[in-house]
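Please have a look at the structure first.

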Amino acid sequence: MKPLVYLAHPRLDRSEISGPLFEAARQTEGITCVDLYATYPTFEIDVAREQRRLVDHDAIVFLHPIYWYSAPSIVREWQDLVLEYGFAYGKHGHALDGKVTFNAVSCGALETSYRPGGGNGAHLRDLLMPFEKTADLCRMRYLAPFAIYGAGRAVEEDRRKGHLAAWQGLLTALRDERLDLRAAHAALTLNDIAASHAAKPETA
Ligand SMILES: Cc1cc2nc3c(=O)[nH]c(=O)nc-3n(C[C@H](O)[C@H](O)[C@H](O)COP(=O)(O)O)c2cc1C
């Protein structure tokens, strides 16, 4: 499978999570990586080029921080322009049929906040419902989000290395078609599945 990772982070210079995850994806063989803000700093998205990229790949991953319960604005711009009627959906819009898609996100809030009764009142997957419904309309295979919670404390709590190993394990499993797509669709997050594919630390 050919995965395409779109990074959307408007302040990459300040990023402690999305930036390193993008770098890890870039260093993984067989993964195409596109930095949306760097490619389109004035939001002039080249629709034909992005549609060609979609056709050329089997899995589309949006890597971004959670901003205001969603993605940074360039992702919405990309959706509005690239997912055209007759290309992505509609009677004659079948270009994305069967392609896999999911969000890989970092969240400021803790996991305990992302549940009914928690501070955010809902699971992350439920808050990302517009992405799932968009994927459904485009006849894509939506997977649960890969999520790094409490992102602001990941470095000081020494969690980043583990997150990176899980992320790389997830990408290589996707690429090599070792990912159980049914389980990945059914889960609330991809975190446990990703962790099960993480490279094991070498033992002495
Ligand atoms: C404009 C803005 C909006 C944010 N909204 C949310 C939010 O709705 N939920 C949340 O958990 N964190 C939110 N955060 C925190 C970011 O998700 C967090 O800083 C980011 O995931 C850290 O990843 P990075 O180091 O790659 O930037 C927000 C941050 C900013 C700057």
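## Helix α1 and what covers it

Helix α1 spans residues 18-26, and its buried residues are S18, G19, L21, F22, A24 and A25. Here buried stands for under 20% relative accessible area, exposed for over 50%, and partly exposed for what lies in between, with a 1.4 Å probe and protein chains only. The cover over the buried residues of α1 includes β1 (3-7), β2 (32-35), β3 (59-65), β4, β6 and α7 (160-175). Helices (H or I, at least four residues) and strands (E, at least two) are DSSP runs, numbered from the N terminus.

This is a predicted model, in which local features need pLDDT of at least 70 and side-chain atom pairs count only at pLDDT 80 or more, while totals for chains, interfaces and linings use all residues. Residues are numbered from 1 along each chain as its sequence is written, and side-chain values use heavy atoms, with hydrogens and water left out.

**The ligand**

- The ligand is surrounded by 16 residues, and the closest are H9, S15, E16, S106 and Y114; a residue is near a molecule if one of its heavy atoms lies within 4 Å of it.
- The side chain of S15 has an N or O atom 2.6 Å from an oxygen atom of the ligand.
- For E16, a polar backbone atom is 2.6 Å from an oxygen atom of the ligand.
- A nitrogen atom of the ligand lies 3.1 Å from a backbone N or O atom of G108.
- The cut-off for a polar contact is a pair of N or O atoms within 3.5 Å; within protein, one must be able to donate a hydrogen and the other to accept it, and residues adjacent in sequence count only if both atoms are side-chain atoms.

**Pockets**

- Rolling a probe the size of a water molecule over the atoms shows where empty space is left.
- The search uses a 1 Å grid over the protein atoms alone: a cavity is a set of points where a 1.4 Å probe fits but cannot get out, a pocket is an open set with protein on both sides within 12 Å along at least five of seven lines, and lining residues have an atom within 4 Å of a point.
- The largest pocket holds about 250 Å³ of space, where a volume is the space filled by probe spheres set on the points, and grid points are joined across faces, edges and corners.
- Of the 16 residues that line the largest pocket, E111, Y149, L188, T189 and N191 lie nearest its centre.
- At least two lining residues of the largest pocket come from each of α5 (124-127), β6 (146-148) and α9 (191-197), and α9 gives the most, with three.
- The lining of the largest pocket has eight nonpolar, four polar and four charged residues; Ala, Val, Leu, Ile, Met, Phe, Trp, Tyr, Cys and Pro count as nonpolar, Asp, Glu, Lys and Arg as charged, and the others, Gly among them, as polar.
- The second largest pocket has about 190 Å³ of space.
- The second largest pocket is lined by 13 residues, and H9, R14, S15, E16 and I17 are the closest to its centre.
- Four nonpolar, six polar and three charged residues make up the lining of the second largest pocket.

**The cavity**

- One cavity of 30 Å³ or more turns up in a search of the whole structure.
- The largest cavity has about 140 Å³ of space, and its lining of 15 residues has F62, L83, T101, T134 and M140 nearest the centre.
- Eleven nonpolar and four polar residues, but no charged ones, line the largest cavity.

**Buried residues**

- N120 sits in the loop between β4 (100-106) and α5 and is buried at a relative accessible area of 18%; beyond neighbours within four places in sequence, N120 is in contact (heavy atoms within 4.5 Å) with Y69, A109, S113, Y114 and L127.
- I74, in helix α4, counts as buried at 0% relative accessibility.

**Positive phi**

- F43 has a phi near 65 degrees, a positive value in a residue other than glycine, and F43 counts as partly exposed at 27% relative accessibility.
- D158, in the loop between β6 and α7, has a phi near 60 degrees and is exposed, with a relative accessible area of 65%.
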